[in-house]
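User: I have a structure open here and would like to go through it with you. Can we begin with the packing inside?

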Amino acid sequence: MKNQHTKTAIVTGASRGIGAEVAQRLARNGFNLIVNYSGSEEAASKIVNNIERAGGNAISAKADVSDVAAVKRMFDSAETAFGGVDVLVNNAGIMKLAKLADSDDGLIDSQIAINFKGTINTLREAANRLQDGGTIVNFSTSVVGLYLENYSIYAAIKAGIETLTKIMAKELRGRSITVNAVAPGPTATDLFLNGKSAEVIDKMSKAPPLERLGTPEDIGNIVAFLASEEAGWINGQIIRANGGVV
Ligand code: NAP
């Protein structure tokens with residue numbers, strides 16, 4: 001067993017993108033880290049090494065969040081390594097874009113399985129196993145407010161995550177657990193950049209009044225705040241972080 005007194009955070013999808021930054025940021029703030037991934041083992045190991053080199057504690061945990069048994073095993077590993085879980089960051093996600101009329105079953109089912117059921121799986125586990133005084137941070141998207149064409153399935157699922165966030169905040173009454181969501185705008189990661197032309201990226205970068213893409217660090221700052229004692233009075237809220245685009 002490692003440090004039993006330090007708080008422990010699970011960050012889903014922490015091998016790359018926003019999750020990798022959130023995990024490293026929380027580790028710098030003193031949390032033990034569970035670096036979850038589904039396929040990118042090497043990338044997850046690199047994040048664990050970065051955390052350990054900086055003096056933190058971390059383990060990686062392979063778990064497809066859409067797999068109930070794998071999610072349970074991830075919580076088991078966290079409890080074995082660190083004695084309990086205080087923070088869950090539900091960051092893992094995929095994005096597949098198409099007009100609804102052109103969306104095949106694979107596009108629809110994979111996003112429901114990972115983005116929706118995956119978040120429900122980890123939320124249910126956290127509702128039963130998170131330490132009192134803990135924190136849950138879910139991930140929505142600012143497209144829930146922008147209503148962009150081609151985003152119908154992805155955005156509708158994320159709207160569901162916002163609803164889950166608000167109801168979970170109430171259902172955990174009495175345990176001093178806060179449940180909030182961050183809703184980033186376009187952020188420079190594989191999920192946003194892959195498959196888009198330079199022209200589209202440029203147009204979307206210029207859309208917010210702050211005229212740039214978000215960075216994983218922008219979002220990591222917000223998650224770190226929500227996981228801190230200073231944010232203890234924020235509960236059941238959706239934080240839109242998008243440079244003012246909506
Ligand atoms: P990303 O760079 O594509 O990274 C996605 C992460 O999720 C990876 O670590 C990936 O790990 C993991 N993942 C994917 N499927 C998984 C599964 N079934 N089980 C466990 N982990 C899984 O994406 P990102 O941009 O950082 O997005 C993070 C979150 O922010 C998502 O919820 C996304 O919807 C949300 N968001 C992003 C943007 C944006 O513009 N980037 C905007 C709004 C909201 P593996 O490689 O190991 O599978």
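User: Which residues touch the most other members of the largest nonpolar core?
Analyst: This is a predicted model. Its largest nonpolar core has 30 residues, and those touching the most other members are Val-11, Leu-26, Leu-33, Val-35, Val-89 and Val-223.

User: Which elements give two or more residues to this core?
Analyst: On the strand side they are E1 (8-11), E2 (32-37), E4 (85-90) and E5 (130-139). The helices are H1 (17-28), H2 (41-53) and H9 (216-226).

User: And which element gives the most?
Analyst: H1 does, with 6 residues.

User: Take Leu-33. What does Leu-33 touch, not counting residues up to four places away in sequence?
Analyst: Its contacts beyond that range are Ala-9, Val-11, Ala-23, Leu-26, Ala-27, Ile-51, Asn-57, Ala-58, Ile-59 and Phe-82.

User: Switching to charges. How many salt bridges does a search of the whole structure find?
Analyst: The search returns 11 salt bridges.

User: Is Glu-125 buried or exposed? And what about Lys-72?
Analyst: Glu-125 has a relative accessible area of 8%, so it is buried. Lys-72 is at 39%, so it counts as partly exposed.

User: Which residue forms a salt bridge with Asp-76?
Analyst: Arg-129 does, with 2.5 Å between the closest N and O atoms. This pair also links distant parts of the chain, with Asp-76 in helix H3 and Arg-129 in helix H4, 53 residues apart. Asp-76 counts as partly exposed because its relative accessibility is 38%.

User: What about Glu-79, where is its partner?
Analyst: Glu-79 forms a salt bridge with Arg-129, the closest N and O atoms lying 2.9 Å apart. Glu-79 is in helix H3 and Arg-129 in helix H4, so the pair ties together parts that are 50 residues apart in sequence. With a relative accessible area of 28%, Glu-79 is partly exposed.

User: Which residues do the shared partners join into one network?
Analyst: The network consists of Lys-72, Asp-76, Glu-79, Glu-125 and Arg-129, joined by salt bridges that share partners.

User: Let's zoom out. How many helices and strands does the protein have?
Analyst: There are 9 helices and 7 strands.

User: What share of the residues is buried?
Analyst: Buried residues make up 50% of the 246. The accessible surface comes to about 11,600 Å², and carbon and sulfur atoms hold 51% of that.

User: And the contacts, how many of them are between residues 24 or more positions apart?
Analyst: Such pairs account for 74% of the contacts with a separation of 6 or more.

User: Now some loops. Where is Ser-15 found?
Analyst: Ser-15 is in the loop between E1 and H1. Its relative accessibility is 11%, so Ser-15 counts as buried.

User: What is Ser-15 in contact with, leaving aside its neighbours within four places in sequence?
Analyst: Those contacts are Ala-20, Asn-36, Tyr-37, Ser-40, Ala-43, Ala-44 and Ile-47.

User: Backbone angles next. What is phi of Asn-150?
Analyst: Phi of Asn-150 is near 80 degrees, which is positive in a residue other than glycine. Asn-150 lies in the loop between helix H5 (143-146) and helix H6 (152-171). Asn-150 is partly exposed, at a relative accessible area of 33%.

User: And what is phi of Glu-211?
Analyst: Glu-211 also has a positive phi, near 50 degrees. Glu-211 is found in the loop between helix H8 (198-206) and H9. Its relative accessible area is 53%, so Glu-211 is exposed.

Methods
Residues numbered from 1 in each chain as written. Predicted model: local features only at pLDDT ≥ 70, side-chain atom pairs only at ≥ 80, totals over all residues. Heavy atoms only, no water. Core = buried A, V, L, I, M, F, W, Y, C linked by side-chain atoms within 4.5 Å. Buried < 20%, exposed > 50% of the residue type's maximum accessible area, 1.4 Å probe, protein only. Helix = DSSP H or I, 4+ residues; strand = E, 2+ residues; numbered from the N terminus. Contact = heavy atoms within 4.5 Å. Salt bridge = Lys/Arg side-chain N within 4 Å of Asp/Glu carboxyl O. Areas by Shrake-Rupley, 256 points an atom, 1.4 Å probe, with all protein chains shown as cover.
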